[in-house]
Structures are given as structure tokens and as C-alpha cells.
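Open the model in your viewer and keep the selection panel at hand. This tour moves from charged pairs to packed helices.

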Amino acid sequence: NPNVNEIMNGAANGFKSQIRNQRFLTLFSSSDEFKHTANGNFPAKLNQTQVSQVAIGSDILVSLEMLDQVISDDYKVEIRRVNLGNNTYREVDYYLGKRTVDLKLGWRMYDSKTGALLDEWKQEEKYFYEAESLERIRATNILNSNYRRELTNLGTRYGSQYASRISPTAHTTSHKFYAGGNDYLKKGIAKARAEQWDEAEKIWIQGSKRETKRKKVAMAFHNLALNEERKGNNLKAREYAKLAANQHPIGVETQSIVGF
């Protein structure tokens with residue numbers, strides 16, 4: 001049924017929603033360029049000019065390029081006993097309607113700078129849902145009333161699946177930096193809040209050398225350890241955490257944070 005767009009729209013919305021949930025990639029823009037008749041086959045790949053045309057400012061382009069949805073209905077009659085009360089039963093015919101959706105979806109992902117094809121993935125399913133009634137026309141009406149919702153949910157599921165395929169999931173963790181106790185800690189954290197981490201590191205190193213109170217020295221080493229972990233230098237982070245623990249018991253917590 002090419003005139004029903006619910007699967008296509010659901011796939012686009014499911015993809016966008018899952019990308020936002022995984023919080024790694026950022027959606028820049030969307031476009032409905034290069035429309036073609038859906039026939040269950042991939043069309044010719046987009047060329048570099050076409051990719052650049054619709055993906056301005058982006059690193060990658062994700063494109064839903066293949067769609068096929070064939071809808072068929074099937075009915076069968078099931079005899080059931082209905083309680084009429086007073087221990088009286090009657091056998092009646094129930095119409096069971098089954099609507100089957102033979103679905104194909106195909107996605108491609110391109111490098112927006114070079115136009116190179118990075119990924120191609122096809123999804124297929126024979127999906128169905130059912131309705132029942134004492135009257136066949138009533139069963140059909142129930143199938144029809146749920147039709148667009150079923151297609152939307154189906155498309156949303158597949159869009160979400162493809163987003164999960166191409167995007168990592170960003171995990172956010174938070175750790176405590178010491179922001180007070182002496183000028184080195186205060187000035188260092190001010191630089192860190194301004195995203196001037198190199199300057200913050202220099203200040204904390206100075207503090208670790210000039211501070212005379214062991215607890216404050218451990219605080220400086222703690223901040224240095226978390227800064228190294230932030231940069232991905234786990235070995236260096238553990239070295240600083242060990243120095244913090246040698247100065248004061250608060251350094252034990254530092255060690256547990258960086259996986260000593």
C-alpha cells in the first residue's frame with residue numbers, strides 16, 4: 001500500500017528518538033530529497049554531490065532508501081460456546097481477521113565529506129495483528145481502525161533498531177573535584193569550569209608542591225587524578241591517586257574512583 005506513509009514516518013521518528021536517547025550523535029537536520037517509487041529494492045547509491053547537497057555541516061548522512069509493504073487480510077471462522085444464562089449455551093460463529101504486513105526497509109549511511117558508503121542494512125519481517133467479532137464486517141472495521149497505529153509502531157521499532165546499530169551509547173558519570181581549601185584548589189577549579197583544563201592542571205601541580213598540609217596536597221592529587229581519567233590517561237590517573245592516598249585517607253576514595 002504505497003499511499004500509507006505511517007511505516008516510513010514511524011521509522012524516521014523512531015530513528016531520531018533513539019539517537020537522542022543514546023546521546024552520542026547529534027541530529028543536525030533532516031530532508032526528504034531524492035524521492036523514488038518504493039519497490040522493495042535499493043536504488044542506485046547517492047553520489048558525492050547528492051550527499052554533500054543534503055548533509056551540509058554534518059559528518060554522516062543516514063538515509064532510508066528502500067521500502068516495501070504488502071498488506072493482506074485473511075479470515076477464518078471459529079465456533080464458540082456462548083453462555084446465555086440458566087445453564088443454557090449456544091454455539092456461535094466468530095470471525096477472526098488477520099492482517100499481515102510483509103515489510104522491507106533498507107538504510108544506508110554515508111560519509112558526508114567523501115560520499116563513501118559506510119553502512120547498508122536491510123530489515124525484513126512478516127508482521128501481523130488480529131481482530132475478532134461476531135460479524136465479519138466488524139472484524140474488518142477493527143483491523144482498519146488499528147491499521148495506521150500498527151504501521152506507525154512497526155516503523156518506529158525499526159527506526160530505533162537502526163539507530164542502535166550505528167550509534168554508541170554515551171554514558172555520563174560525575175565525580176567530585178575539590179574546589180576549596182586553598183587558593184590553588186579554588187583557582188584550578190575556576191579554570192576547569194572555563195574548560196581551561198591545561199591551566200587548571202598547572203595550578204594543581206603547583207599546589208601539590210607548595211602546600212604544606214597533607215590533606216590539601218591529597219586534594220590537589222585527587223583533582224589531578226580525575227583530570228587524567230577525563231583525558232583517558234588511566235595509568236597516570238592511578239599514579240596520582242596513589243600519591244593522594246600516600247598523603248591522606250581521602251586518597252583511598254580517589255583510588256576507588258579511578259580503579260586502582
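A salt bridge here is a side-chain nitrogen of Lys or Arg within 4 Å of a carboxyl oxygen of Asp or Glu. Keep in mind that this is a predicted model. A search of the whole structure finds 17 salt bridges.

**Stop 1: E120 and R108**

Select E120 and R108. Their side chains meet in a salt bridge, 2.8 Å from N to O. E120 lies in strand β3 (residues 117-133) and R108 in strand β2 (residues 88-111), so the pair ties together parts that are 12 residues apart in sequence.

Is R108 buried or exposed? R108 has 4% relative accessibility and counts as buried, because the cut-off for buried is under 20%. E120 is partly exposed, at 40% relative accessible area.

E65, R108 and E120 are linked in a network of salt bridges.

**Stop 2: R148 and E6**

Select R148 and E6. They form a salt bridge, and the closest N and O atoms are 2.9 Å apart. This pair links distant parts of the chain: R148 sits in helix α3 (residues 136-166), E6 in helix α1 (residues 6-22), and 142 residues separate them.

Check the surface again. R148 is partly exposed, at 46% relative accessibility. E6 is buried, at 17% relative accessible area.

**Stop 3: E228 and K231**

Select E228 and K231. Here the salt bridge has its closest N and O atoms 3.2 Å apart. Both residues lie in helix α6 (residues 214-231), and they are 3 residues apart, about one turn of the helix. What is the relative accessible area of E228? The value is 4%, and E228 is buried. K231 is partly exposed, at 36% relative accessibility.

**Stop 4: α5 against α6**

Stay on α6 and bring in helix α5 (residues 197-210). Two packed helices are described by the angle between their axes and the distance between the axes. For α5 and α6, the axes come within 8 Å and cross at roughly 150°. The two helices are therefore roughly antiparallel to each other, since angles over 145 degrees count that way. Their crossing is left-handed.

Show the side chains at the contact. On the α5 side, select W197, E201, W204, I205, G207 and S208. On the α6 side, select V217, A220, F221, N223, L224, N227, E228, R230 and K231. By class, the contact residues divide into 7 nonpolar, 4 polar and 4 charged. Both E228 and K231 from the previous stop are in this contact.

**Stop 5**

Move to helix α7 and select L235. L235 has its place in α7 (residues 234-247). L235 is exposed, with a relative accessible area of 61%. L235 and R214 are 21 residues apart in sequence and 23 Å apart in space.

The axes of α7 and α8 come within 7 Å and cross at roughly 160°. That makes α7 roughly antiparallel to α8. The crossing of α7 and α8 is left-handed.

Which residues of α7 meet α8? Select A237, R238, A241, K242, A244 and A245 in α7. Their partners in α8 are G251, V252, T254, Q255 and V258. The contact of α7 with α8 has 6 nonpolar, 3 polar and 2 charged residues.

Key
Residues are numbered from 1 along each chain as its sequence is written. This is a predicted model: local features need pLDDT of at least 70, side-chain atom pairs count only at pLDDT 80 or more; totals for chains, interfaces and linings use all residues. Side-chain values use heavy atoms; hydrogens and water are left out. Helices (H or I, at least four residues) and strands (E, at least two) are DSSP runs, numbered from the N terminus. Buried means under 20% relative accessible area, exposed over 50%, partly exposed in between (1.4 Å probe, protein chains only). Axes are lines fitted to C-alpha atoms, for helices over the stretch in contact, and angles run from 0 to 180 degrees between N-to-C directions. Angles under 35 degrees count as roughly parallel, over 145 as roughly antiparallel, 65 to 115 as roughly perpendicular and the rest as oblique. A crossing is left-handed if the near helix is turned anticlockwise from the far one by less than a right angle, and right-handed if clockwise. Contact means heavy atoms within 4.5 Å. Ala, Val, Leu, Ile, Met, Phe, Trp, Tyr, Cys and Pro count as nonpolar, Asp, Glu, Lys and Arg as charged, and the others, Gly among them, as polar.
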